[in-house]
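Subject: Structure for you to look at

Hello,

Here is the structure I said I would pass on. Please open it first, then read the notes below.

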Amino acid sequence: MTYVDGFILPVPEKNLDAYRQMAETAGKVWMDHGALAYVEAVADDVPEGKVTDFYRAVKRDEGETVVFSYVVYRSREHRDEVMKKVMEDPRLKMDPKSMPFDGMRMFWGGFKPIVEM
C-alpha cells in the first residue's frame with residue numbers, strides 16, 4: 001500500500017496562473033526527491049452543499065476557487081524521508097507574503113489508503 005498527503009486550499013481566480021507556476025515548481029521538487037505522483041487540481045464540478053462542502057472548508061471568499069492537491073509515496077516512512085528533503089529544498093519559497101493564496105486557510109494531512117486498485 002502507498003501513502004498519500006492531501007491538501008485543500010482557496011486560490012483567488014485572478015492568481016491561478018501564478019499558483020500553477022508555483023505548483024509546477026513544487027511538483028518538480030517533490031518528484032525530484034522521490035514522490036511517486038504529484039497532482040494539483042482546480043475545482044470544476046464542485047457543488048455547494050447544504051451542510052458542508054469544499055468551499056466552506058476553506059472559508060472561500062468572493063472570486064476564489066478551491067484547489068485539491070495530493071502527493072503519493074511508497075509508504076509513510078518514504079513520505080517522511082521525501083518531506084524532509086522537500087522542506088530543505090531552496091527551490092521552494094515558503095514565504096506567506098509571496099504566495100498566490102491565503103495559506104492560513106489551507107489544510108492538509110497524511111492518509112493511509114484502505115483500498116487501492
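Does S69 count as buried or exposed? With a relative accessibility of 3%, S69 counts as buried (buried means under 20% relative accessible area, exposed over 50%, partly exposed in between, with a 1.4 Å probe and protein chains only).

The model is predicted, so local features need pLDDT of at least 70 and side-chain atom pairs count only at pLDDT 80 or more, while totals for chains, interfaces and linings use all residues. Residues are numbered from 1 along each chain as its sequence is written, and side-chain values use heavy atoms, leaving out hydrogens and water.

S69 sits in strand β3, residues 64-73 (strands are DSSP runs of E, at least two residues, and helices are runs of H or I, at least four, both numbered from the N terminus). Beyond its neighbours within four places in sequence, S69 is in contact with residues including F7, Y19 and E40 (contact means heavy atoms within 4.5 Å).

Strand β3 belongs to an open sheet of four strands, ordered β2-β3-β1-β4 with antiparallel pairing (two strands pair if DSSP finds at least two bridges between them). Strands β2 (37-42) and β4 (107-111) are at the edges with a single partner strand each, so one side of each has no neighbour in the sheet. Strands β2 and β3 run antiparallel and are joined by six bridges; A37 stands opposite V72 in β3.

Helix α1 (residues 16-32) lies across β1 (3-12), β2 and β3.

Regards

Definitions and conventions. Axes are lines fitted to C-alpha atoms, for helices over the stretch in contact, and angles run from 0 to 180 degrees between N-to-C directions.
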